[in-house]
Amino acid sequence: RGRFDDAWAHATQAAELAARCDAGKHVASALRLQGQILAARDRLDEAAGPLREAAALAERLGTPRERWIANGALGDLNARRGRDTEAERHWAVALESVDAIARALTIPALRRSFLGAERVRAAYTALGRRTPEPDA
């Protein structure tokens with residue numbers, strides 16, 4: 001909605017609260033949001049730091065959702081920066097997590113919903129891949 005200052009304040013507060021509570025996955029989420037806010041403001045070089053930090057933290061913690069979203073955001077950012085090889089590497093990591101999440105969803109309706117989500121389809125599209133069939 002273009003309210004970047006408000007979004008930044010909320011993301012910063014979320015990061016501080018998550019750090020105080022030792023809630024690592026929420027720290028990763030808040031860092032990712034900060035990076036996405038900077039990217040939305042076209043501050044691409046500044047956005048890379050929090051996004052890399054979020055992806056690394058998600059990797060250490062083993063949180064597939066944050067790993068997927070942070071690496072997808074890094075892929076998008078690097079594509080915008082003209083760093084296609086780096087973008088593809090991050091999108092590939094994002095898809096590893098998406099695939100792991102999809103495999104873990106044993107309820108067909110949940111799997112179908114997950115694989116049909118716009119953000120998930122975008123992760124496959126970024127690498128020129130087709131989204132798997134939900135029942136496959």
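**View 1. Helices α2 and α3 run roughly antiparallel, because their angle is over 145 degrees.** The model is predicted; local features need pLDDT of at least 70, side-chain atom pairs count only at pLDDT 80 or more, and totals for chains, interfaces and linings use all residues. Residues are numbered from 1 along each chain as its sequence is written, and side-chain values use heavy atoms, without hydrogens and water. Helix α2 spans residues 24-40 and helix α3 residues 44-61; they pack at about 160°, axes 8 Å apart. Helices are DSSP runs (H or I, at least four residues), numbered from the N terminus. Axes are lines fitted to C-alpha atoms over the stretch in contact, with angles from 0 to 180 degrees between N-to-C directions.

**View 2. The contact of α2 with α3.** Contact means heavy atoms within 4.5 Å. The α2 side includes Val-27, Leu-31 and Leu-38. The α3 side includes Ala-47, Leu-51 and Leu-57. By class, this contact has 13 nonpolar, four polar and four charged residues. Ala, Val, Leu, Ile, Met, Phe, Trp, Tyr, Cys and Pro count as nonpolar, Asp, Glu, Lys and Arg as charged, the others as polar.

**View 3. The largest nonpolar core has 17 residues.** A core joins buried Ala, Val, Leu, Ile, Met, Phe, Trp, Tyr and Cys residues through side-chain atoms within 4.5 Å; buried means under 20% relative accessible area (1.4 Å probe, protein chains only). Val-27, Ala-39, Ala-47, Leu-51, Leu-74 and Leu-77 touch the most other members. Helices α2, α3 and α4 (64-80) each supply at least two residues of this core. The largest share, seven residues, comes from α3.

**View 4. Surroundings of Ala-47.** Beyond neighbours within four places in sequence, Ala-47 contacts Gly-35, Leu-38, Ala-39 and Leu-77.

Definitions and conventions
Parallel < 35°, antiparallel > 145°, perpendicular 65-115°, else oblique. Buried < 20%, exposed > 50% of the residue type's maximum accessible area, 1.4 Å probe, protein only.
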